[in-house]
Amino acid sequence: MNSRVSLSKKNAKAYSQLITISNNIDEQAILAGLEEGFIHLLKLRLSQINGCAFCVRLHTQDAQKCGVSIDKIALVATWKETEYFSEKEKSALSLAESVNLIHNEYVPDDIYQESAKYWDEAQLASIEWISIIIGAFNRVAITSRYSVKP
């Protein structure tokens, strides 16, 4: 792989601010009632979709540290096909994916309304913010070609 400019090093202040924003989003999500392990599952799933190996590894490890089972971590890529996720969790994953893939069809009303059955406004906002911030981190890591070695 060719070397690239490290965005996090060439504008460390901007990257630091991104981390601060991310930490705030995570804090608000936990205050709103999202479990830390599930937050990492959301980030893991979106990183899988975006093809960010660095973030896939990071959020896999973080989910494990939070006590999420290896089965659930492994199956998040195919969450629609399993019984490992509750309807509530599935609605959040669906909403997060829709925000992440906003260029496809915006955020469909039916997906948003399904999520609104299970999550209050603070939780919905948290799910959406998590989707937005992990997309930013994915783009930094992918553009900078962060190394992912065993």
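1. The structure holds zero disulfides.

2. Before going on: this is a predicted model, with local features needing pLDDT of at least 70, side-chain atom pairs counting only at pLDDT 80 or more, and totals for chains, interfaces and linings using all residues. Residues are numbered from 1 along each chain as its sequence is written, and side-chain values use heavy atoms, leaving out hydrogens and water.

3. Are C52 and C55 buried or exposed? C52 is buried at a relative accessible area of 2%, and C55 is buried at 4% (buried is under 20%, exposed over 50%, partly exposed in between, with a 1.4 Å probe and protein chains only).

4. Now the helices, which are DSSP runs of H or I with at least four residues, numbered from the N terminus. Helix α6 (residues 87–100) packs against helix α9 (residues 121–144) at about 45°, the axes being 9 Å apart. That angle makes α6 oblique to α9 (under 35 degrees is roughly parallel, over 145 roughly antiparallel, 65 to 115 roughly perpendicular, the rest oblique).

5. Who meets whom? From α6 come A92, L95, A96, V99 and N100, and from α9 L124, I127, E128, S131 and I132; contact means heavy atoms within 4.5 Å. The residues of this contact of α6 with α9 split into seven nonpolar, two polar and one charged.

6. S94 is also in helix α6. S94 counts as buried at 18% relative accessibility, and touches W79 and I111, leaving aside residues up to four places away in sequence.

Technical notes:
Axes fitted to C-alpha atoms, helices over the stretch in contact; angles between N-to-C directions. Helix = DSSP H or I, 4+ residues; strand = E, 2+ residues; numbered from the N terminus. Nonpolar A, V, L, I, M, F, W, Y, C, P; charged D, E, K, R; others polar. Disulfide = S-S within 2.5 Å.
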